[in-house]
Amino acid sequence: MDKKILVTRSSIPPFKEYIDEISDIWESHWMTNMGEKHQKLQAELKGYLGADNIDLLVNGHMALELSLQALGLSEGEVITTPFTFASTTHAIVRNGLEPVFCDIDPVTFTIDADKIEDLITDKTVAILPVHVYGHICDIEKIEDIAKRHNLKVVYDAAHAFGETYKGVGVGNFGDVSCFSFHATKVYNTIEGGAVCYRDKKFGTLIYQLKNFGIKNEEVVDGIGANAKMNEFCAAMGLCNLRHLDEEIAKRKKVVERYRQHLENIKGLQLAVAQKGVTTNYAYFPAVFDESVFGEGRDDVFKRLADNGIGARKYFYPLTNSFDCFEGRFDASKTPVAMQISKRVLTLPLYADLALEDVDNICRIILEGH
Ligand code: T4K
């Protein structure tokens, strides 16, 4: 192939639509600090996500970092998954908390809820699972464990924007769910994120934490960060939200085309359709079992790259194998995660990916079968 195809390509509204959306900023000169666009987007997203409570932030990572702070978690252990983006684990460690890694389910790649309880100690303060690739965690089991052991639950919902479980927006589970609106996500505000939460007190705290801990002009009673979404990002969010359903419908077509080619291929494991979940078609992971498929993940990755196709090894290496944690964690304690991480490739997926390109990508993949 002559053209390059990358793992994803940002959704972007028509140029004029964005220019129209930001033009009044030239009248108001109001560019950040919870301006009109921030407020409008917050209200619209509350509706779209079916959330009781929501607050917007500068990105998904700060949503995670500040959520742990707003829950008052400053010491102890947090049970989490190593099969995720760096952000999840870093948010825990940067708060002075100790990540305790739980293995993952071999089908959904989310935290294996049956293995959580064995990891609970008297130091455990929270569970931080990830709805990885948009696969929803075992919410019922996790809620039950958290209740019985009096633990907080923070969902990393970076991949799960707009999804529902049994008809309920995924942001409504746990104490808080953290979304990412990064340029590479199904829904983007260029950079951005949000928290959906249960307790109104949490809302007051996170609002202060994203704005230096300021309570009012004369009272600063928290040690906050600066994690506000600016008006240009909120404007992008307002535009992208108008096109989102159409974008997801197009993603669905791309995913269906992949499935036509790759489903039922021996040695190839794909994402699953989960009962009760409406998916957003965020990622298309494929797991290669070399001994059955005939070729390993790295061979397929290389042949795709040689053909100008930038598939990605999300999520390799596991976060408990990162260089920055050398000697600190034992990745052999999460063997399923380790195996999936060495075998998985996320294939290009975005709304405007041509179906003929999907055909070509699959042809190149299947050359090794
Ligand atoms: N939790 C989880 C589970 C996450 O996956 C993430 C982020 C977070 C938390 C934290 O949320 P944020 O703080 O980011 O809001 C990308 C994204 O930067 C990151 O947001 C995302 N997860 C992660 C899975 O993917 P990289 O390092 O792979 O990005 P990069 O620059 O290689 O881009 C990937 C592809 O996207 C490019 O090949 C082309 C396309 N692209 C990229 C950019 C930057 C675009 O089309 N437009 C763009 O503007 O991390």
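Which residue stands opposite Val 168 in strand 8? Select Tyr 165: this residue faces Val 168.

Before going on, note what is on screen. This is a predicted model, in which local features need pLDDT of at least 70 and side-chain atom pairs count only at pLDDT 80 or more, while totals for chains, interfaces and linings use all residues. Residues are numbered from 1 along each chain as its sequence is written, and side-chain values use heavy atoms, with hydrogens and water left out.

**Stop 1: a sheet**

Select residues 164-165, which make up strand 7. Helices (H or I, at least four residues) and strands (E, at least two) are DSSP runs, numbered from the N terminus. Strand 7 pairs with strand 8 in the antiparallel sense, over 2 bridges. Two strands pair if DSSP finds at least two bridges between them. The open sheet has 3 strands in the order 8-7-14, with antiparallel pairing.

**Stop 2: two domains**

Colour 15-238 as domain 1 and 243-366 as domain 2. These bounds come from an automatic or database domain assignment. The C-alpha centres of the two domains are 25 Å apart. Where they meet, 40 residues of domain 1 are in contact with 38 residues of domain 2; contact means heavy atoms within 4.5 Å. About 3200 Å² is buried between the domains, and carbon and sulfur atoms give 63% of that area. Buried area is the accessible area (1.4 Å probe) that two parts lose on being put together, summed over both.

Next, select Glu 98 and Arg 328. They form a salt bridge, with the closest N and O atoms 2.9 Å apart. The rule asks for a side-chain nitrogen of Lys or Arg within 4 Å of a carboxyl oxygen of Asp or Glu. Across this interface it finds 1 salt bridge.

Then look at the side of domain 1 that touches domain 2. Helix 5 (86-93), strand 4 (98-101) and strand 7 each supply at least two residues. Helix 5 gives the largest share, 4 residues.

**Stop 3**

How many salt bridges does a search of the whole structure find? The search finds 28. For one of them, select Asp 24 and Lys 37, whose closest N and O atoms are 3.0 Å apart. The pair links distant parts of the chain, 13 residues apart. Asp 24 is in the loop between helix 1 (15-23) and helix 2 (25-28), and Lys 37 is in helix 3 (residues 36-49).

**Stop 4: backbone details**

Most residues other than glycine have a negative phi, and most peptide bonds are trans. Select His 29, in the loop between helix 2 and helix 3. Its phi is positive, near 60 degrees.

Finish with Phe 315, in the loop between strand 16 (309-310) and helix 11 (335-343). A cis peptide bond joins Tyr 314 to Phe 315, with omega about 10 degrees. Pro 317 also lies in the loop between strand 16 and helix 11. Here a cis peptide bond joins Tyr 316 and Pro 317, with omega about -5 degrees.
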